[in-house]
Amino acid sequence: MHLGRTTLSKFLIQELDGSAQSRHLAALLVDVASAVKAISAMTAKGALAGVLGSLETENVQGEVQKKLDVLSNTAFVNTFQLGGLAAGLASEEMDDPVTVQGKTEGRFLVIFDPLDGSSNIDVNVSVGSIFSVIAAPEGRPPQPQDYLNPGREQLAAGYAVYGPATMMVITVGKGTHGFTLDREVGNFILTHPNIQIPADTSEFAINTSNERFWEPPVQRYVAECKAGKTDVRGRDFNMRWIASMVAEVHRILMRGGIFMYPRDMKDPSKPGRLRLMYEANPMGMVVEQAGGLASTGRSRILDVQPDQIHQRIGVILGSRNEVERVERYHREYDTGEDKQYTSPLFKERSLYQ
Ligand code: F6P
């Protein structure tokens with residue numbers, strides 16, 4: 001063990017200024033790390049701990065809950081209830097936000113997806129946790145509308161990926177930094193300071209089984225990637241799909257790429273698959289702080305004004321030049337400049353305006 005290594009706590013002390021709010025934020029992020037260590041231990045034991053499989057309950061999204069979804073949610077809630085720094089919590093696994101009793105002096109609201117990509121749990125593929133931290137209202141318990149801030153107001157955001165190694169990637173608005181869990185010692189060590197997403201990439205990630213439901217600008221972009229050298233892109237592309245947003249974003253932070261779960265017509269009542277408050281916003285901040293972009297295709301994710309905790313949104317994020325290209329394709333489609341990609345499925349333009 002090298003004693004000079006930068007642990008997460010040491011990093012946060014160095015990174016944040018000495019104000020009371022910064023000290024509390026650092027302590028809150030150390031609490032996030034404690035919950036992550038507990039979830040990492042559970043996921044690593046897998047079937048040995050009897051934690052795999054589904055429950056008979058559904059979350060507010062109508063998705064069957066996995067045992068580990070609920071256990072991970074409990075790990076976060078218990079940690080924040082004991083920690084005393086959160087005034088309120090909202091989670092994918094809870095219908096409504098909860099106020100942390102007796103902690104009205106707590107300075108933060110934490111919004112999280114305790115176990116993202118949970119369809120991967122039973123097949124032993126990487127899953128993760130995602131979190132977003134915003135300021136709590138002062139002097140009174142939080143109300144549901146206090147959570148509904150645009151993502152640009154996040155004070156901190158990040159995720160943990162439970163893969164071959166457990167890593168935490170965080171931002172407090174001064175770059176994006178990665179820490180690897182030293183399991184024997186129990187410390188997160190700074191291993192990936194100042195992550196930078198390359199501006200260009202030849203790797204895209206999208207669930208192509210939904211192709212017929214996509215909007216024409218996304219169909220155009222993916223068709224061009226697939227045509228590779230033989231078409232306008234002039235180079236071949238590679239495709240990856242892990243079905244775990246955390247793992248996809250992590251890959252993009254490590255080597256570049258573009259990830260898309262765009263708005264689609266699969267279920268017109270749902271404008272996209274991913275959730276704004278605990279998936280798109282925190283990942284948007286992490287990606288932007290690493291030099292990438294995060295967009296709906298028509299606007300910056302972090303500028304979207306939320307209207308519900310569990311609202312869904314189209315997400316296109318990653319290497320800057322590719323995200324800008326997809327945004328341009330949306331513009332060209334919306335202004336009628338793009339004559340080629342008009343699909344009968346999307347004749348009802350009003351649905352997207
Ligand atoms: O939000 C849940 C999630 O599991 C993401 O982590 C992932 O990107 C996506 O859904 C996978 O969706 P699909 O099952 O449609 O591939």
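User: How many cavities of 30 Å³ or more does the count come to?

Analyst: One. Keep in mind that this is a predicted model. The largest cavity has a volume of about 30 Å³.

User: What makes the largest cavity a cavity, and which residues line it?

Analyst: A 1.4 Å probe fits there but cannot get out, so the term is cavity. Its lining is made up of Ile-111, Ser-132, Ile-134, Tyr-147, Asn-149, Gly-151, Gln-154, Met-277 and Asn-281. Strand β6 (127–135) and helix α6 (276–289) are the elements that give two or more residues to that lining. By class, the lining has four nonpolar, five polar and no charged residues.

User: What is the volume of the largest pocket, and why is it called a pocket?

Analyst: The largest pocket comes to about 420 Å³. It is called a pocket because its set of points is open, with protein on both sides within 12 Å along at least five of seven lines. Its lining has 25 residues, and Gly-117, Ser-118, Ser-119, Ala-243 and Arg-273 lie nearest the centre. The elements giving two or more residues are β2 (64–66), β5 (108–116), β13 (258–261) and β14 (274–275). As for class, the lining has eight nonpolar, seven polar and 10 charged residues.

User: Which domains does the lining of the largest pocket draw on?

Analyst: Domain 1 (3–192) and domain 2 (203–343) each supply at least three residues.

User: What about the second largest pocket: what is its volume, and which helix gives the largest share of its lining?

Analyst: The volume is about 290 Å³. Among the 19 lining residues, Thr-43, Ala-44, Asn-124, Val-125 and Tyr-162 are closest to the centre. Helix α2 (residues 20–45) gives the largest share, three residues.

User: How do you know how much area domain 1 and domain 2 bury between them?

Analyst: Buried area is the accessible area two parts lose on being put together, summed over both. For domain 1 and domain 2 that is about 2800 Å², with 61% of it on carbon and sulfur atoms. On the domain 1 side, Gln-61, Leu-148 and Tyr-159 supply 20% of the area buried against domain 2, more than any other three residues.

User: Why does the pair Glu-92 and Arg-275 count as a salt bridge?

Analyst: The cut-off is 4 Å from an Arg or Lys side-chain nitrogen to a carboxyl oxygen of Asp or Glu. Glu-92 and Arg-275 have an N to O distance of 3.0 Å, so the pair passes. Across the interface of domain 1 and domain 2, the rule finds two salt bridges.

Note on methods:
Residues are numbered from 1 along each chain as its sequence is written. This is a predicted model: local features need pLDDT of at least 70, side-chain atom pairs count only at pLDDT 80 or more; totals for chains, interfaces and linings use all residues. Side-chain values use heavy atoms; hydrogens and water are left out. On a 1 Å grid over the protein atoms alone, a cavity is a set of points where a 1.4 Å probe fits but cannot get out, and a pocket is an open set with protein on both sides within 12 Å along at least five of seven lines; lining residues have an atom within 4 Å of a point. Grid points are joined across faces, edges and corners, and a volume is the space filled by probe spheres set on the points. Helices (H or I, at least four residues) and strands (E, at least two) are DSSP runs, numbered from the N terminus. Ala, Val, Leu, Ile, Met, Phe, Trp, Tyr, Cys and Pro count as nonpolar, Asp, Glu, Lys and Arg as charged, and the others, Gly among them, as polar. Buried area is the accessible area (1.4 Å probe) that two parts lose on being put together, summed over both. Domain bounds come from an automatic or database domain assignment.
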